[in-house]
Amino acid sequence: MKDHVASRWQGAVLVCGKCTKKIGGGFGLKGKTSLVKALRAEPGFGKGRKAEVGVVETRCLGVCPKRAVVLVDTRRPMRWRVVEEGADVARLAKELHDVKPASLPG
């Protein structure tokens with residue numbers, strides 16, 4: 001059995017599942033698509049190991065904003081994002097795609 005599997009991921013976006021459930025979708029043309037599904041549909045994002053940036057729904061991240069979803073980009077773990085319901089997912093995806101990994105203090 002293999003002890004590892006190759007992946008093209010350059011990072012991952014962790015999306016709070018509790019926030020997603022509380023707003024009942026909130027994204028897309030009709031406002032009924034979850035942020036996870038909307039991000040996965042954007043170029044370069046996905047859930048499979050062939051995506052450039054993986055999008056993973058997590059358990060509660062403990063921030064719990066009203067009418068928004070919290071996400072963590074693993075390339076910038078010190079800066080969590082609060083995405084308001086109805087935000088432009090294409091614009092968010094572009095911003096996330098252009099992120100360069102943070103340098104760790106030395």
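Visitor: Is Cys64 buried, partly exposed or exposed?
Guide: This is a predicted model. In it, Cys64 has a relative accessibility of 34%. Buried means under 20%, and exposed means over 50%. The value for Cys64 lies in between, so this residue counts as partly exposed.

Visitor: Where does Cys64 lie, and what is its phi?
Guide: Cys64 sits in the loop between E3 and E4. Most residues other than glycine have a negative phi. Cys64 is not a glycine, yet its phi is positive, at about 55°.

Visitor: Arg67 also has a positive phi; is this residue buried or exposed?
Guide: Arg67 is placed in the loop between E3 and E4. Its phi is near 50°, and it is not a glycine either. The cut-off for exposed is over 50% relative accessible area. Arg67 has 60%, so it counts as exposed.

Visitor: How far is Leu61 from Gly17 in space, C-alpha to C-alpha?
Guide: Leu61 is in the loop between E3 and E4. At 23% relative accessibility, it is partly exposed. Beyond four places in sequence, Leu61 touches Leu14, Cys16, Val70, Val72 and Trp80. Leu61 and Gly17 are 44 residues apart in sequence, but their C-alpha atoms are separated by 8.3 Å.

Visitor: Which strands stand at the edges of the sheet?
Guide: The sheet is open, has five strands and shows mixed pairing. Its order is E2-E3-E1-E4-E5. A strand with a single partner has one side left without a neighbour in the sheet, so the edge strands are E2 (45-46) and E5 (81-84).

Visitor: Which residue of E3 is the bridge partner of Gly46?
Guide: Strands of a sheet pair through backbone hydrogen bonds, either parallel or antiparallel. E2 and E3 (residues 53-58) pair in the parallel sense, over two bridges. In E3, the partner of Gly46 is Gly54.

Visitor: What angle does the direction of H3 make with that of E5?
Guide: Helix H3 covers residues 89-97 and packs on the sheet. It touches E1 (11-16), E2, E4 (68-73) and E5. The angle between the directions of H3 and E5 is about 165°.

Visitor: Within what arc do the buried residues of H3 fall?
Guide: The buried residues of H3 are Val89, Leu92, Ala93 and Leu96. Seen down the helix axis, they line one face, because they fall within an arc of 100°.

Visitor: Which exposed residues does the other face of H3 carry?
Guide: The buried residues of H3 pack against E1, H2, E2, E4 and E5. The face turned away from that buried side carries the exposed residues Arg91 and Lys94.

Visitor: At the start of H3, which residue's backbone nitrogen does a side-chain oxygen of Asp88 reach?
Guide: A polar contact needs N or O atoms within 3.5 Å. The side-chain oxygen of Asp88 comes to within 3.1 Å of a backbone nitrogen, that of Ala90.

Visitor: Which elements give two or more residues to the largest nonpolar core?
Guide: This core has 21 residues. Val13, Val15, Phe27, Leu35, Leu39 and Leu71 touch the most other members. The elements giving two or more residues are E1, H1 (17-23), H2 (35-40), E3, E4 and H3.

Visitor: Is Thr20 buried or exposed?
Guide: Thr20 lies in helix H1. Leaving aside neighbours within four places in sequence, it contacts Val15, Gly25, Ser34, Glu57 and Val69. Its relative accessible area is 8%, so Thr20 is buried.

How values were computed. Residues are numbered from 1 along each chain as its sequence is written. This is a predicted model: local features need pLDDT of at least 70, side-chain atom pairs count only at pLDDT 80 or more; totals for chains, interfaces and linings use all residues. Side-chain values use heavy atoms; hydrogens and water are left out. Two strands pair if DSSP finds at least two bridges between them. Helices (H or I, at least four residues) and strands (E, at least two) are DSSP runs, numbered from the N terminus. Contact means heavy atoms within 4.5 Å. Axes are lines fitted to C-alpha atoms, for helices over the stretch in contact, and angles run from 0 to 180 degrees between N-to-C directions. A nonpolar core is a set of buried Ala, Val, Leu, Ile, Met, Phe, Trp, Tyr and Cys residues joined through side-chain atoms within 4.5 Å. Buried means under 20% relative accessible area, exposed over 50%, partly exposed in between (1.4 Å probe, protein chains only). The arc is that of the directions from the helix axis to the C-beta atoms. A polar contact is a pair of N or O atoms within 3.5 Å; within protein, one must be able to donate a hydrogen and the other to accept it, and residues adjacent in sequence count only if both atoms are side-chain atoms.
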